[in-house]
Amino acid sequence: MTSAPSDYDAIDGLGALLSDDVFLPTEPKTLRETGVSPVLVEGLVCKYLLQVGSAAGRDVARRLCLPFGTLEDLFGSLRSRQIVFHQGQAALGDYYYALTDQGLDRARAAMQACSYVGPAPVPLDEYVLSVEAQTIRAEAAQREQLLEAFEDISIDASLLEVLGPAVNSGAGMFLYGAPGNGKTTLARRITRCFGRNIWLPHAVIDDGFIIKVFDAAYHERPEEQEGSLLSGTGHDPRWVNVRRPTVIVGGELTMDSLEIRHDPISNVCEASLQLKSNCGCLLIDDFGRQRIEPTELLNRWIIPLENRYDFLTLPSGKKIQVPFDQLIIFSTNLEPHELTDEAFLRRIPYKVEVGDPSLDEFRTLFEVGCRTLGFGYRPEAVDYLVQKHYRPLGRCLRRCHARDLLSQVRNYCVYRGVALELRPDYLDRAVGAYFTTMPAPASIATPGSDP
């Protein structure tokens with residue numbers, strides 16, 4: 001394993017190593033190597049003991065995600081200053097620690113100043129360098145990887161040929177087309193094309209403010225296997241090994257979500273969506289139907305998309321420069337040119353239309369759906385469905401229809417206590433319930449032709 005480039009050495013405490021172009025945050029040997037203030041770590045120790053009453057030194061270290069060796073001298077200092085005392089002997093030469101009266105006062109003051117109790121943060125500069133080392137732009141997805149990512153969903157070969165270059169661009173794309181054809185599903189699978197996991201800090205700190213970055217809602221830990229990257233590496237426990245993230249937001253998106261969110265009561269900050277999606281994908285689902293105007297959102301990102309970095313504001317008013325390193329996907333039912341101007345469209349170079357399925361693909365979707373739900377597939381039942389409920393009404397085929405109609409048929413069979421069958425009369429019932437409030441669109445295939 002070789003040392004990182006000199007840029008990494010420029011930051012005191014950065015223990016990141018690169019081996020075969022793989023970023024790895026190495027375990028700090030001393031408190032100084034963590035890159036954070038001993039006063040901050042003392043405060044975390046005191047606040048944790050205030051919460052639990054007493055704990056063994058190794059349990060405190062585990063909660064703070066720091067090696068026990070980095071805290072031994074700190075525990076000795078806290079004890080000599082009568083902030084903590086030994087409450088009993090623990091295993092392996094360790095002790096149970098509790099707060100003295102003086103320690104309780106200090107812990108309460110620290111909790112009032114900032115109620116964060118958790119993994120010790122990583123300096124912001126270290127996080128910035130980690131994103132540069134793990135950039136999604138360094139990943140080049142091949143056709144085989146796309147096929148693997150989409151193996152359990154139906155995707156047209158021609159669409160795959162357009163998606164491949166768009167994914168490899170790392171710049172961004174519009175997925176547009178009629179609702180129900182799988183745009184969101186496609187976007188969710190795109191991150192799977194990038195095989196390598198990334199390292200992400202639980203939290204970062206700058207200008208005295210702790211910003212939580214790891215979010216279990218978006219960051220998925222891979223199953224640790226024997227002999228994997230995590231085995232025996234001595235990595236810094238303040239960092240988490242996660243799959244490249246896919247952050248999905250829809251109509252709930254607001255401009256506040258794109259900034260660092262500060263809780264004035266706890267004095268703890270939450271990372272913006274851009275930070276949480278770095279080195280992965282950020283999907284703006286149902287774009288154009290947010291509570292903010294599309295142009296307002298696009299204007300916010302027009303410079304970051306060009307320069308690949310963004311500026312965020314800390315509660316103190318300080319501006320910090322952070323990476324803007326993700327594949328941004330706008331999924332919309334509207335035409336892209338209806339949402340924005342040419343200047344922004346130029347910065348989102350790929351516009352991928354997800355059209356309606358062909359009749360053959362529609363049949364395949366029913367076949368796969370039947371297999372999944374335990375039906376016996378009957379192609380004549382699907383042909384009946386198309387001839388009676390689609391062609392005469394000029395109704396478009398949608399990829400979601402097979403799943404939704406089969407679910408209704410299944411629910412009916414379960415309710416009646418009968419065997420699961422794909423029968424025309426069952427499909428009639430499902431269509432009657434499903435399409436009652438869904439009028440057929442006007443711009444569709446003409447009766448008598450293949451949809």
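Trainee: How many contacts beyond four places in sequence does the model have for residues 442-451?

Mentor: This is a predicted model, where local features need pLDDT of at least 70 and side-chain atom pairs count only at pLDDT 80 or more, while totals for chains, interfaces and linings use all residues. Residues are numbered from 1 along each chain as its sequence is written, and side-chain values use heavy atoms, with hydrogens and water left out. Over residues 442-451 the pLDDT (the predictor's confidence in each residue, from 0 to 100) stays under 50. Counting a contact as heavy atoms within 4.5 Å, the number beyond four places in sequence is 18.

Trainee: What pLDDT does the protein chain average?

Mentor: Of the residues, 89% score at least 70. Residues 225-232 have a pLDDT below 50, and beyond near neighbours in sequence this stretch has 8 contacts. The average for the chain is 85.

Trainee: On to the pockets, then. What volume does the largest pocket have?

Mentor: On a 1 Å grid over the protein atoms alone, a pocket is an open set of points where a 1.4 Å probe fits, with protein on both sides within 12 Å along at least five of seven lines; lining residues have an atom within 4 Å of a point. Points are joined across faces, edges and corners, and the space filled by probe spheres set on them is the volume. Lining this pocket are 29 residues, with I153, T185, L365, R399 and R403 closest to the centre. Its volume is about 770 Å³.

Trainee: Which element gives the most to that lining of the largest pocket?

Mentor: Helices (H or I, at least four residues) and strands (E, at least two) are DSSP runs, numbered from the N terminus. At least two lining residues come from each of α9 (183-190), β19 (327-332), α14 (359-373) and α16 (399-416). With 6 residues, the top contributor is α14.

Trainee: And the second largest pocket: which element gives the most to its lining?

Mentor: That pocket has a volume of about 580 Å³ and is lined by 21 residues, with T191, R192, E220, R243 and R244 nearest its centre. Each of α7 (143-149), α9 and β13 (246-249) supplies at least two of the lining residues. The leading element, with 3 residues, is α7.

Trainee: What is the angle between the planes of F174 and F287?

Mentor: Aromatic rings of Phe, Tyr and Trp (its six-membered ring) pair if their centres lie within 6.5 Å; planes under 30 degrees apart are stacked, over 60 edge-to-face, and the rest tilted. The structure holds 14 such pairs. F174 and F287 are 6.3 Å apart centre to centre and count as tilted, at an angle of 50°.
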